Amino acid sequence: MTKAAVASNASIVWFRHDLRLEDNPALHAAIGRGGPVVPVFIWAPEEEGAWPQGAASRYWLHQSLASLDASLRKLGSQLIMRRGPSLDTLRSLVRETGATAVYWNRRYEPAAIARDAAVKSALRDDGLTVDSFNSTLLVEPWEIATKQDKPYQVFTPYWRTCLAQLSLPDAIRAPKKLAVPAVLPRSLALDALQLEPSVDWAGGIRAAWTPGESGARAQVKRFLDDALANYSEGRDRPDQTGTSRLSPHLHFGEIGPRQVLRALMQSGVWDTRSGTVSGSDKFVSELGWREFSYHLLYHFPHTAERPLNTAFERFPWRDDPEGLAAWQRGRTGYPIVDAGMRELWTTGWMHNRVRMIVASFLTKDLMIPWQAGAVWFWDTLVDADLASNTQGWQWTSGCGADAAPYFRVFNPVGQGERFDPEGAYVRRWVPELSGMPAKWIHKPWEAPASVLAEAGVTLGSKYPAPVVDHGVVRLRALAGYETIRRGGKG
Ligand code: FAD
């Protein structure tokens with residue numbers, strides 16, 4: 001270490017899924033040491049195990065890093081961007097800056113946990129101060145256990161225990177200035193990380209979202225002003241903006257769940273102290289499902305690839321590349337399914353109700369393994385999150401914790417009629433059907449020829465005929481389920 005470096009006493013803050021300045025405990029710890037702060041992002045997709053970031057996530061990440069870098073520049077600093085491996089890169093930065101501490105906020109995916117543990121131990125062996133913090137969750141996965149000291153596998157008691165144990169630490173303000181080392185280490189240009197696609201397919205994502213910390217804050221405000229009061233009903237309506245649309249912001253840590261809860265408290269709709277919840281209980285419990293997903297992935301790390309209920313290892317899944325392609329492209333002939341898949345392709349997001357419908361269709365109507373759906377979502381969602389995606393797919397296909405029973409097969413027509421009653425959602429994403437009246441829009445194959453002609457719809461050419469008959473394949477799925485039910489739980 002050089003003399004200048006020793007004098008610097010700098011701290012490195014390793015940014016990952018915490019791309020914000022406000023309420024960032026790792027950044028706060030670095031500032032608290034008093035020396036210069038070196039904010040760093042390291043691109044190392046090969047360290048993500050089987051789940052390197054998908055295309056839509058990489059697009060979002062690029063925008064979010066640009067936003068964080070701009071915010072740091074306003075404080076006289078900048079985000080130092082490098083390529084991995086993470087440990088080698090951190091060691092180089094320690095050499096270059098004379099840093100004596102490295103801080104980060106924790107991640108909970110199996111590959112990240114293993115990598116972080118190895119990095120922590122190696123840097124400590126180097127004589128550095130190394131510490132990690134929680135910026136992502138309300139309650140960490142190991143802080144909650146059943147009376148038998150086991151992980152929870154049922155949501156309601158899990159969440160009741162979380163709420164009882166929940167204590168919100170004081171908010172940490174964003175810094176007003178940041179001490180920088182005499183010479184900032186060299187950074188790659190953001191473009192050099194090649195996160196954005198070479199052919200620009202991201203216009204729909206660009207139009208739908210504002211990635212970054214200020215975009216996240218604006219989204220919270222919009223939700224509190226416009227949608228929270230009606231969330232209990234509005235949350236199930238894909239034809240309305242009834243949910244918060246915070247998922248990508250939460251995934252990338254542009255805002256944390258504690259900040260969201262504090263915003264609810266400040267606007268007087270939620271109160272941790274009395275434990276009472278008014279109006280917003282449904283919304284807060286959705287944040288609870290996010291926590292539960294992390295709890296499950298942490299305690300059952302194999303579930304990203306394999307079912308929690310091992311009986312489903314024996315399920316007679318079908319190999320159906322044509323069915324899978326029709327589902328991926330939004331050409332199944334079931335309008336609500338196709339609308340969802342096209343919303344996903346265009347905007348990188350899909351409404352939760354529709355995620356459940358399309359996942360049920362893939363795993364039950366088509367009997368294609370849930371893992372194939374999870375992989376497609378992983379590549380196309382801007383909020384792709386290993387914990388929530390795994391839990392969402394296992395829940396819908398019936399093989400996860402507290403899951404929807406496999407025999408409850410969503411009827412895509414009934415679901416469409418119930419949750420998109422006027423067909424506005426379908427008309428938006430399946431313009432071929434925009435002329436169909438509400439009565440037939442969710443089942444165009446049953447419409448009289450005159451209605452189809454007037455709407456300009458020719459089934460089988462302009463819009464596909466259904467790839468399967470729901471009534472028939474539902475029975476096939478139930479028969480498949482019987483084969484594993486008879487064998488009992490694995
Ligand atoms: P809101 O209704 O406003 O909820 C607020 C927040 O709570 C969300 O931003 C999210 O962080 C959390 N949340 C809500 N519902 C759930 C849930 N069921 N499970 C876990 N967290 C929840 N969510 C992801 O963030 N990433 C994923 O990769 C993902 N994959 C999914 C796959 C399937 C098959 C299913 C059925 C659900 C998946 N979800 C996933 C959960 C849910 O669909 C999204 O979190 C939600 O649609 C995001 O929209 P929102 O922010 O408007 O949600």
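Visitor: At roughly what angle do the axes of helix 13 and helix 16 cross?

Guide: In this predicted model, the axes of helix 13 (residues 321–329) and helix 16 (residues 370–380) come within 12 Å and cross at roughly 35°, and helix 13 passes helix 16 in a right-handed crossing. On the side of helix 13 the contact is made by L324, W327 and Q328, and on the side of helix 16 by A372, G373, W376 and F377; by class, this contact has 5 nonpolar, 2 polar and no charged residues.

Visitor: Turning to the sheet, in what order do the 5 strands stand, and which of them are at the edges?

Guide: Strands of a sheet pair through backbone hydrogen bonds, either parallel or antiparallel. Here the sheet is open, with the order 3-2-1-4-5 and parallel pairing. Strand 3 (80–83) and strand 5 each have a single partner strand, so one side of each is left without a neighbour in the sheet. On average, neighbouring strands of this sheet are turned by 25° against each other, direction ignored.

Visitor: How many bridges join strand 4 to strand 5, and through which helix does the chain cross between them?

Guide: Strand 4 (residues 101–105) and strand 5 (residues 129–133) run parallel and are joined by 5 bridges, with W104 standing opposite S132 in strand 5. From strand 4 the chain crosses through helix 5 (residues 110–125) to strand 5, in a β-α-β crossover that is right-handed.

How values were computed. Residues numbered from 1 in each chain as written. Predicted model: local features only at pLDDT ≥ 70, side-chain atom pairs only at ≥ 80, totals over all residues. Heavy atoms only, no water. Pairing = 2+ DSSP bridges. Helix = DSSP H or I, 4+ residues; strand = E, 2+ residues; numbered from the N terminus. Right-handed = clockwise from strand over helix to strand, strands pointing away. Axes fitted to C-alpha atoms, helices over the stretch in contact; angles between N-to-C directions. Left-handed = near helix turned anticlockwise from the far one by under 90°. Contact = heavy atoms within 4.5 Å. Nonpolar A, V, L, I, M, F, W, Y, C, P; charged D, E, K, R; others polar.
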